[in-house]
Amino acid sequence: MKKFLTNERNHKFLVPILSVLFGFLAGAIIMIFTGINPLDGYRALVKGVLGNPRKFGEWIVVSTPLMFTGLAVAFGFRTGLFNIGAEGQLIMGSLAAVAVGILVKMPKIIHLPLALLAAAVVGALWAFIPGILKAKFKVHEVVVTIMLNYTALHLVNYGIKILPGSTNTRTVNINSTASLSSEFLSKLTSHSRLHWGFVVAFIAALTFWYIIEKTTFGYELRAVGFNPHASEYAGMKVNRNIVLSMMISGAFAGLAGAMISIGTFDYARVIGGFEGYGFDGIAVALLGNNSGLGIVISAFLFGALKAGSSAMALAAVPKEIANIIMAFIVLFAAMNYGIKMFLLRLGKEEK
């Protein structure tokens with residue numbers, strides 16, 4: 001046991017697990033202080049996710065965009081960039097997918113991939129702006145991406161209203177040939193909104209892993225992120241890699257938007273503010289240790305907290321408790337150095 005705790009290779013999965021356990025423990029303490037039985041709260045949370053097939057389907061629906069935004073943020077982190085603009089890139093990708101779904105008529109085998117490609121390309125192009133500003137003028141990407149989030153929100157709301165047949169609140173439904181929805185999956189989960197997007201998300205996670213871990217291109221991106229000056233000295237094209245890294249990150253976020261617009265709803269909505277998928281992606285990436293498998297697991301965890309919060313409210317447990325638990329999990333995940341020191345000390349003290 002001592003060797004297990006002190007082996008730093010094991011910390012890659014021990015730290016996230018302990019972060020989750022500490023987060024739920026902190027949530028339980030908060031519930032006790034507010035006069036709520038933690039067992040009732042967590043029982044309601046589990047029922048809200050696994051209580052019946054429909055709730056299970058909705059859990060997957062909520063988790064799917066989180067996988068993409070987690071991958072988007074993690075790709076930036078792994079290459080030394082802070083893409084805080086996943087929310088805006090998601091919104092832009094959402095509109096692109098819907099526009100192709102409404103304006104283009106093709107067989108499904110071409111139409112659906114084209115809509116997904118449009119979302120990825122537009123998300124990448126939106127991320128190109130902070131990427132080129134970072135590469136050419138050393139403008140910090142955090143500032144630019146935050147500003148572009150608000151630009152995307154209002155630009156997309158305007159774009160939705162000018163699409164043929166749109167009202168002031170939404171577009172018309174997309175052509176069925178561009179939809180990710182599935183009658184089979186819906187019936188299987190008692191008429192939930194479950195669609196084929198989760199399959200695309202798994203493929204995206206595998207793609208993320210392959211690019212980062214198994215390609216020379218991924219190695220160059222990581223090298224530039226670690227030390228751009230040394231990478232340039234080694235002959236790598238630093239500016240090009242910064243731009244490409246940000247664009248790939250934006251493509252993942254754009255696909256997250258497609259999961260919502262042509263998967264969950266089959267139309268685009270005028271929204272008054274951010275829905276938080278892009279910002280939650282930061283938490284997903286952090287807890288998932290910026291790895292493909294870790295992000296998939298982390299997305300399902302945060303998706304469960306988001307999907308199960310309504311059930312907690314029905315059980316007289318404030319749904320904000322779920323947000324508090326998420327916040328504590330992120331806090332403990334951010335304290336990974338302290339948790340590692342705790343594990344090392346625990347291993348040394350064990351006889």
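Which residues touch the most other members of the largest nonpolar core? I looked that up first: F68, L116, F252, I262, F302 and I329, in a core of 92 residues. Core here means buried Ala, Val, Leu, Ile, Met, Phe, Trp, Tyr and Cys joined through side-chain atoms within 4.5 Å. Buried is under 20% relative accessible area, exposed over 50%, partly exposed in between (1.4 Å probe, protein chains only). Helix α4 (residues 53-78) gives the largest share of this core, twelve residues. Helices are DSSP runs of H or I, at least four residues, numbered from the N terminus.

Notes on the source: this is a predicted model, where local features need pLDDT of at least 70 and side-chain atom pairs count only at pLDDT 80 or more, while totals for chains, interfaces and linings use all residues. Residues are numbered from 1 along each chain as its sequence is written, and side-chain values use heavy atoms, with hydrogens and water left out.

I then picked I329 and listed its contacts (heavy atoms within 4.5 Å). Leaving out residues up to four places away in sequence, I329 touches S19, V20, G23, F24, L287, L301, F302 and L305. I also found a second, separate core of eight residues, including L81, V224, V238 and V243.

Next I checked α2 (residues 11-33). Its 23 residues reach 32 Å from first C-alpha to last, close to the 33 Å expected at 1.5 Å a residue; the expected span is 1.5 Å times one less than the number of residues. Buried residues in α2 include S19, V20 and G23. Just after α2, G35 takes a positive phi of about 80°.

Last, F184: this residue sits in helix α8 and counts as exposed because its relative accessibility is 54%.

How values were computed
Helices (H or I, at least four residues) and strands (E, at least two) are DSSP runs, numbered from the N terminus.
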